[in-house]
Amino acid sequence: MSARLLLWVSLLRWASGGGSVRGGRTWQHCTDLRPLDILSEAVPAGGLARGMRVFQVQGMRGFQLSASRPRALGFPASRLFIHCDRFPEEFSIIVTLRALRGPAERNEYIFTLMVEESPGVLVGLRYAPDKLHFLFWSQERAGGRQSRVTFPNVSLADSQWHTLILAVSGQSFSLTVDCSIPKDVVVETPFPASLSVRRASFYLGNRRRRKGVFTGLLRQLVLLPGADATPRICRAVNFKVATLSVPGVLQDVPAKPVSNEVLKYPYETDMKVTLGARPRCSKQEKAQFWFNASRRGLYLCNGSTWVSMLEVQHRLDYVEEYQNLATNSETMGIEVFTIPKVGLFAALANRLTPPGSAIYRWTDGKFVHYQNIPTHQAQSWKYFTIGKKIFLAVANFEQNERGQEFSVIYKWSRRKAKFIAYQRIATHSARDWEAFVIEGEAFLAVVNHREGNNHNVDSVIYRWNPRTGLFETNQTIPTSGAYDWEFFTIGPYSFLAVANTFNGTSTKIYSHIYIWLSGSFQLFQSILTFGAADWEVFHIGDRVFLAVANSHSYDSGMPAPSNFYAINSSIYELNITAQMFVKFQDLLTYSALDWEFFSVGDDSFLVVANSFDGFTFSVNSIIYRWQGYEGFVAAHHLPTVGCRDWEAFHTAEGSYLFYSSAKEPLSKVLKLKTT
């Protein structure tokens with residue numbers, strides 16, 4: 001099956017609704033296929049069950065269950081199964097929970113269904129820190145026996161909210177966590193076709209005894225007979241808290257009291273609002289609020305930075321020159337990044353070998369020189385982290401003084417407070433690095449532009465080996481004079497786009513989009529480009545766009561155009577029905593080398609790096625404003641000289657654009673002035 005067809009099938013499952021789990025019987029005479037809200041059934045009208053409290057954490061409410069009276073957290077199954085006393089043969093179980101970190105050997109029950117006179121579990125869910133167990137009573141043998149289906153490598157005990165969808169049909173069991181790619185298990189013992197629930201009861205967070213009681217927060221527990229709930233759940237923006245049915249007391253907006261009446265469902269929370277000057281935001285302040293009176297804004301600490309929750313929306317008025325930064329030499333690329341508890345930095349990829357490239361630190365509202373690093377016609381930098389380790393990789397275009405061609409990964413030394421060389425990787429006129437994580441594993445992809453005069457070479461994807469602490473070759477992908485990688489995700493799927501620039505005879509060549517399937521990247525779509533130098537992915541609402549910067553049109557076998565460099569760059573939009581990116585808009589550009597997407601208030605913008613119009617390098621780069629139906633419309637013309645790269649960044653003082661010049665040793669910081 002092709003990558004596109006496989007994605008189409010999966011996306012339809014993800015984006016469309018309903019359907020039988022695997023085409024089996026519907027069990028319609030028992031439930032009419034309606035969702036059965038187990039959690040709501042346990043909440044008595046007008047109050048909470050004994051041993052049940054409501055807490056709010058990370059903006060979401062959930063039940064904390066007491067271990068002292070486990071039987072109080074139960075109710076007869078007949079209250080849900082009102083038309084018959086059989087458990088559905090095919091079904092989904094949807095759970096939203098926040099499990100606490102605990103001992104590695106601890107097992108906790110999310111729910112059980114048990115017959116009163118028997119210690120066996122008819123149906124249940126139990127989790128350990130790195131696995132999930134689904135329990136059911138098998139009737140294959142006389143008297144029956146306890147069966148268990150285990151899903152390994154499921155990390156729930158991290159004090160974060162997660163939504164689980166377990167779909168069951170016969171011998172097939174499928175688990176989806178936070179709408180990621182499902183984990184499928186096929187076992188010898190099928191789920192019983194006729195499981196009696198006569199005289200059985202549901203128990204929340206326990207198996208009718210104190211041992212193994214669920215210690216976290218439970219927000220959603222729903223049984224959906226006859227259907228795979230994944231398409232119905234995985235439509236939300238925040239997959240981790242996607243819902244099918246949630247008890248009223250846990251709804252986002254509490255009931256409004258009448259006059260001075262006390263709220264019927266009080267809940268406990270660790271919320272705290274700080275006033276005054278900008279306070280510290282660290283792990284200790286996570287989930288705390290700060291009200292900025294001067295900007296009339298409410299901010300939430302995410303553990304490292306203050307995130308705007310509510311403030312007066314600003315609109316971009318004009319752009320002003322803020323800082324002229326004299327650089328070591330012409331600058332081919334900029335990487336702006338923040339090192340937690342240290343500050344904001346910018347790494348500039350400078351062309352000349354001596355003195356190399358420079359790193360600057362944001363100090364008192366300006367970028368100030370911080371560290372020099374030896375590079376060899378550096379093209380770009382990439383900042384990334386693996387766990388607590390902080391790295392910065394440079395793409396070197398030329399050989400070193402010994403005739404060796406290496407790009408280098410540097411690691412931040414907390415003791416020395418600077419970057420030091422960590423790993424050298426052989427590259428071929430490297431243009432760009434891209435770092436990304438798939439299924440918990442770290443990857444680093446390099447774009448090799450050419451080897452000698454041969455532009456048709458392999459670019460390489462490296463995988464981090466946690467045992468050796470090094471990157472190792474994982475996959476090679478053929479590229480043609482490539483300039484750029486762009487990694488992005490759509491729902492649970494991971495993509496990698498390459499900008500192919502020149503194949504030795506023409507710039508009119510296909511650039512490719514790859515999708516991660518079965519442990520490697522496979523071709524998903526090819527798009528005709530003209531000296532493509534950059535891909536930029538961005539989202540506006542629920543829409544996904546991909547913009548390509550086309551640098552020039554040249555073909556040795558065709559008549560020369562009137563201008564090689566005045567050429568359309570294009571914006572593509574994902575069309576799920578067509579299973580591909582389709583062209584949305586063309587914009588006239590002049591040897592475009594970079595796109596940068598940014599937002600101001602509710603407005604979205606794209607800025608293009610125009611570098612050469614066929615006559616001069618002094619060309620206006622343009623900021624385009626998103627105008628909805630009209631697409632992107634030119635809003636601001638910015639004088640630039642050989643513009644190579646744009647970076648948008650934000651500080652407490654405002655929003656900025658940083659541009660590099662590939663033709664003069666001067667880069668500029670521009671400030672976005674708002675109204």
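**Exercise 1. Is Arg198 buried or exposed, and which side chain does Arg198 meet in a salt bridge?**

Step 1. Arg198 counts as exposed because its relative accessibility is 51%; buried means under 20% relative accessible area, exposed over 50%, and partly exposed in between (1.4 Å probe, protein chains only).

Step 2. A word on what you are looking at: this is a predicted model, where local features need pLDDT of at least 70, side-chain atom pairs count only at pLDDT 80 or more, and totals for chains, interfaces and linings use all residues. Residues are numbered from 1 along each chain as its sequence is written, and side-chain values use heavy atoms, with hydrogens and water left out.

Step 3. Arg198 pairs with Asp85 in a salt bridge (2.9 Å, N to O). The term stands for a side-chain nitrogen of Lys or Arg within 4 Å of a carboxyl oxygen of Asp or Glu.

Step 4. Now place the partners: Asp85 sits in the loop between β4 and β5, and Arg198 in the loop between β14 (195-196) and β15 (200-204), 113 residues apart. Strands (E, at least two residues) and helices (H or I, at least four) are DSSP runs, numbered from the N terminus. Asp85 is partly exposed, as its relative accessible area is 28%.

**Exercise 2. Which parts of the chain does the salt bridge between Glu330 and Arg351 tie together?**

Step 1. Start with the contact: the side chains of Glu330 and Arg351 meet in a salt bridge (3.3 Å, N to O).

Step 2. Glu330 lies in the loop between β22 (316-326) and β23, and Arg351 in the loop between β24 and β25 (357-363), so the pair ties together parts that are 21 residues apart in sequence.

Step 3. Check the cover: Glu330 is buried, with a relative accessible area of 16%, while Arg351 is partly exposed at 31%.

Step 4. Arg315, Asp603 and Arg625 are linked in a network of them.

**Exercise 3. How many residues line the largest pocket, and which strand gives the most to the lining?**

Step 1. Settle the term: on a 1 Å grid over the protein atoms alone, a pocket is an open set of points where a 1.4 Å probe fits, with protein on both sides within 12 Å along at least five of seven lines; lining residues have an atom within 4 Å of a point.

Step 2. The largest pocket holds about 2000 Å³ of space. Its lining has 49 residues, and Arg278, Ser304, Thr305, Trp306 and His650 lie nearest the centre.

Step 3. β49 gives the most to this lining, with 4 residues. Strands that each supply at least two residues include β19, β21 (306-310) and β47 (643-651).

Step 4. Sorted by class, the lining has 17 nonpolar, 20 polar and 12 charged residues.

**Exercise 4. Which residues lie nearest the centre of the second largest pocket?**

Step 1. About 910 Å³ of space lies in this pocket.

Step 2. Of the 25 lining residues, Val177, Ser180, Ile438, Glu439 and Gly440 lie nearest the centre.

Step 3. The elements giving two or more residues to the lining are β12 (172-177), β31 (430-438) and β36 (493-499). β12 gives the most, with 3 residues.

Step 4. By class, the lining of the second largest pocket has 12 nonpolar, 9 polar and 4 charged residues.

Methods
Points joined across faces, edges and corners; volume = space filled by probe spheres on them. Nonpolar A, V, L, I, M, F, W, Y, C, P; charged D, E, K, R; others polar.
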